[in-house]
Every structure is written in structure tokens, then in C-alpha cells.
Amino acid sequence: MAQQAVDGAVAEEWILQRERKRLAGHPLIEQVIRLSIEDAGAGFDIISFSNTTSIVHDRFLEIKSFSGSRRFFWSRNEIGTARRLGEMYHLCIVDRDRMQNPDYAPQIISGPYAALIETEDNGWSISPTTYECVALRS
């Protein structure tokens, strides 16, 4: 799990730098930040802007990285946040084996709740891997 945290942080920093480059010249570029450092429960990792003229945070990025098979875990909190934020929420899927390649671009799924949960035959197999168990009586 410690290695997963390190891998995730590397991918988040990589996406953060890409976001800042995408928004070069934005007057509030210093507000494009990795929120996951301060608030791991926010439901997304990076807050950003959709374009260089936007002055309110309207782009929320959840970063998922993998090595080998394209596989990631999406928490209940992240899914709920994706549902609530709709098209402002973006799932960035980063292949750690390719991120140093200058021609590589991660897969970005905008509005992933609708794209992955509400849409059939979307190219992904989604299944629960854990279940929450809560005692009804003490």
C-alpha cells in the first residue's frame, strides 16, 4: 500500500504539471493545486480551471495510475463526487510505464459517472471489490 501511495503521488504531480502547462498564462495559475495533499477525502485530487478565462474552480481531477493492465479502484466517495459534479469531474487514467514518453497522453474521462456507471457497453468492466459491513445491533 505504501508503494501505491508513492505511485499515486507521482502520477498526481505529473498531471498537476500538465494542467499548469495547459493553463499557461492563467491569472490564477497558483490556484491549480493538488488538494489530495491537504484533503484526501475530497473525492478528487486536483482542482483546476476549464480554460484560461475561467476564474472559478470548475475542473476537478481524480488521478488513477496503473502499470501493466489498465485497472484502478474508484471509491464510493469518489463515485459520489463524480455524480454530483457531472461534467466538471474528470477521471485521469495514467499509465506509469509511459508517462515519461513525451508523446504520451493519459486517458481522460469527462463526466465519468455517466460514462462508466450509467452507460452500458462503455469498454470497462466495473464490479464491487469490497463491501461495507455495519452492525445493526451492538
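Student: What percentage of the contacts with a separation of 6 or more in the protein chain comes from residues 24 or more positions apart?

Tutor: The model discussed here is predicted. The contacts considered in the protein chain are those with a separation of 6 or more. Within that set, the share of residues 24 or more positions apart is 51%.

Student: In what order do the elements of the protein chain run from the N terminus on?

Tutor: The protein chain contains three helices and five strands. Read from the N terminus, their order is α-β-β-β-α-β-β-α.

Student: Why does the radius of gyration of the protein chain agree with that of a compact globule?

Tutor: The protein chain has 138 residues, and for that number a compact globule would have a radius of gyration near 14 Å. The C-alpha trace spans about 55 × 35 × 35 Å along its principal axes. The radius of gyration agrees with the globule value because the protein chain has 16 Å.

Student: Is Glu12 buried or exposed?

Tutor: Glu12 lies in helix α1, which covers residues 2-22. A residue is buried when its relative accessible area is under 20%. Glu12 has 10% relative accessibility, and therefore counts as buried.

Student: Which residues is Glu12 in contact with, leaving aside its neighbours within four places in sequence?

Tutor: Neighbours of Glu12 within four places in sequence are set aside. The contacts that Glu12 then has are Arg34, Ser36, Asp45, Ile46 and Ile63.

Student: How far apart are the mean positions of the positive and negative charges of the protein chain?

Tutor: The protein chain carries 15 positive and 19 negative charges.

Technical notes:
Residues are numbered from 1 along each chain as its sequence is written. This is a predicted model: local features need pLDDT of at least 70, side-chain atom pairs count only at pLDDT 80 or more; totals for chains, interfaces and linings use all residues. Side-chain values use heavy atoms; hydrogens and water are left out. Helices (H or I, at least four residues) and strands (E, at least two) are DSSP runs, numbered from the N terminus. The radius of gyration is taken over C-alpha atoms; the globule rule is 2.2 Å times the number of residues to the power 0.38. Contact means heavy atoms within 4.5 Å. Lys and Arg count as positive and Asp and Glu as negative; His and the chain ends are not counted. The place of a charge is taken as NZ of Lys, CZ of Arg, CG of Asp or CD of Glu. Buried means under 20% relative accessible area, exposed over 50%, partly exposed in between (1.4 Å probe, protein chains only).
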